[in-house]
Amino acid sequence: MLKVGDLGAEFSALMLLRPLREQGPMRVTDLAEIKQADPSTISRQVAQLVKAGLARREADPVDGRASRLAVTESGVAACDRLRDARVALLASALHEWPAERVAAFTDMFEEFNSLIETHLRLDPTAPPRENP
C-alpha cells in the first residue's frame, strides 16, 4: 500500500491534485469552492503541494496580480500512484465478491457520490467541509 508521506504532502493536500489535473490551473479560491472548504485551509494544503513539487504557482492570465495553481508532472505521477493504490485496495477488499455484485456496487456508489456533490453545491445551508 502506498504511504502518502512518500509523496511529500498530507493526504488532504494530495486530494487537491485531482481537480487541478482534471480541470486545469485555478486560483485557490476556486479550488476551495470546488472542495467546499475554507480558502485558508486550502492555502495551507496548497503550500504543501508546492513545496513537494507536485503543484506550481503561475500568473493568472486574466489578472496578472493573482496566481493560479497548476499540477506539475510530478503531481500527475502522484495522482496516478494514488489512483493505482486506491484501485489495488478496493480490488483486495472486494476480491471475494462476484463480478456482478462489484459492478452493481460501483454503479450505486458513483450515483451516490454524484447526488451528494450535487446536493452540497445546491444547498446554501450545507456547512463547508474542513477536510476535502
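Arg21, Asp80, Arg83 and Asp84 are joined in a network of salt bridges, a salt bridge being a side-chain nitrogen of Lys or Arg within 4 Å of a carboxyl oxygen of Asp or Glu. The model is a predicted one, in which local features need pLDDT of at least 70 and side-chain atom pairs count only at pLDDT 80 or more, while totals for chains, interfaces and linings use all residues. Residues are numbered from 1 along each chain as its sequence is written, and side-chain values use heavy atoms, with hydrogens and water left out.

By this rule the count comes to nine salt bridges. In one of them, arginine 27 pairs with aspartate 60, with the closest N and O atoms 2.7 Å apart; this pair links distant parts of the chain, 33 residues apart, since arginine 27 lies in the loop between H2 and H3 and aspartate 60 in the loop between strand S1 (55-59) and strand S2 (67-71) (helices are DSSP runs of H or I with at least four residues, strands runs of E with at least two, numbered from the N terminus). Aspartate 60 is buried because its relative accessible area is 7%, whereas arginine 27, at 27%, counts as partly exposed (buried means under 20%, exposed over 50%, partly exposed in between, with a 1.4 Å probe and protein chains only).

Arginine 27 also meets aspartate 63 in a salt bridge (3.8 Å, N to O). Aspartate 63 in turn forms a salt bridge with arginine 65, the closest N and O atoms being 3.0 Å apart, and arginine 65 counts as exposed because its relative accessibility is 77%.
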